[in-house]
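I opened this model to look things up one at a time. My notes follow in the order I made them.

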Amino acid sequence: AKLESRQQVLGNGISLAQAMTWAMDNNLNLRAESLERAVATQNRKIASVSMLPNLTAQAGYSWRSNLSGSSSANVITGAQSLVPSTSSDPESSTRSLEASWNVLDFSLAWLRARSEGDRANMAQESRRRMTHQVALDVVYVWDRAMAFQRIEPALLQIRQDVLSALQQSDRVAASRLRDPIDVLEYRSALLLILKRMDSLVLQMDQSRDELARLLGLPAGTSLRLNEKGGLALTALPTADLKTWQYVALLNRPEVRESLYAKRNAERGGFKRLVEQFPSLLFRYGTNYDSNSFLVNNTWESASASLSLSLVRLATLPLQQRLSAIERDQAEVRADLQATAVLSQVGIAHKAAAYTQNQNCLSGELSKTADE
């Protein structure tokens, strides 16, 4: 139902610019990538809040049916030394507000916030990569669909002509007016043409369904394309191969994403090292107890404690070795991604020169055919 409602809003006569805009707004892959980035951004904010001191508020109420009394006894003779007495009311309430701050937890939260920030940047680069791919797919599929829309009437007419020629060849074969071998060769050529035409029609007709998928519309949607309202395409500036490769290394989302992953791996090794440090905890709070037997019903308290896990400290060599492996892995992946980008730019550079040459030759052939 959602896909059909989108179809009604979009209508017919879709230009390339409209298709591009619609794909950017409604493509499900792009929306999924946007949600991934939103989740990563929220995790970064949550990790940043974890750096704040912990503030704990407590309140309690107690009641008993009789007094809480006790006496004491001599530890040597066992004789009772005091009469039973009490130091608490049958009914009392307590309240406290305490702030605590762990230096180790603050350091780890700071590192987690930076790591989540890198993950948010990676999600942003992943969305940018998906945006580029969707734009490229829309242009490619829209061009194929537009070409099919232009030649579809001619293809249908040619197909009718081929079918008529096949029927005529059947009549010629039945009348035996020509050599049967020539008739069979002619019929075989017509069937081969018909087969190739059907294959071409299927491939180009599928471009409509592919365009509908990119636009977030149901398969089989009847789309009428409009040649007006195209994108303003400008020629690329003239530059050598190394310049293009340098620009690609600076701007390609895959390379930037691998660099964020590399930095995150380095920070992960530092995080494992920080985890081995002693935990230093500071506490400060204010308290209240309604017990009437207390001399001071309100008081403030402060404490500091230091703890160190010896078992976790013993795993430090293993943690360092694992961090080194992860850094090497991220380094290799970054180099691999950069090498792939350089290769893609080199192949595309040659393909662009070849395509330009073929375009010039096609223009000359077209002029020669017209003459």
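I began with the crossing of helix 2 and helix 4, which is right-handed. I call a crossing right-handed if the near helix is turned clockwise from the far one by less than a right angle, and left-handed if anticlockwise. The model is predicted: local features need pLDDT of at least 70, side-chain atom pairs count only at pLDDT 80 or more, and totals for chains, interfaces and linings use all residues. Residues are numbered from 1 along each chain as its sequence is written, and side-chain values use heavy atoms, with hydrogens and water left out.

I looked up the angle next. The axes of helix 2 (residues 16-26) and helix 4 (residues 103-175) come within 10 Å and cross at roughly 145°. Axes are lines fitted to C-alpha atoms, for helices over the stretch in contact, and angles run from 0 to 180 degrees between N-to-C directions. Helices (H or I, at least four residues) and strands (E, at least two) are DSSP runs, numbered from the N terminus.

Which residues of helix 2 meet helix 4? I listed Leu16, Ala19, Met20, Ala23 and Met24. On helix 4 they meet Thr131, Val134, Ala135, Val138, Val139 and Trp142. Contact means heavy atoms within 4.5 Å. I sorted this contact by class: ten nonpolar, one polar and no charged residues. Ala, Val, Leu, Ile, Met, Phe, Trp, Tyr, Cys and Pro count as nonpolar; Asp, Glu, Lys and Arg as charged; the others, Gly among them, as polar.

Two strands pair if DSSP finds at least two bridges between them.

How many bridges join strand 1 to strand 4? I found ten, and these strands run antiparallel. Gln58 stands opposite Ser96 in strand 4.

Strand 4 (residues 91-102) is joined to strand 5 (residues 279-289) by nine bridges, again antiparallel. I noted two partners in strand 5: Tyr288 for Arg95, and Phe282 opposite Trp101.
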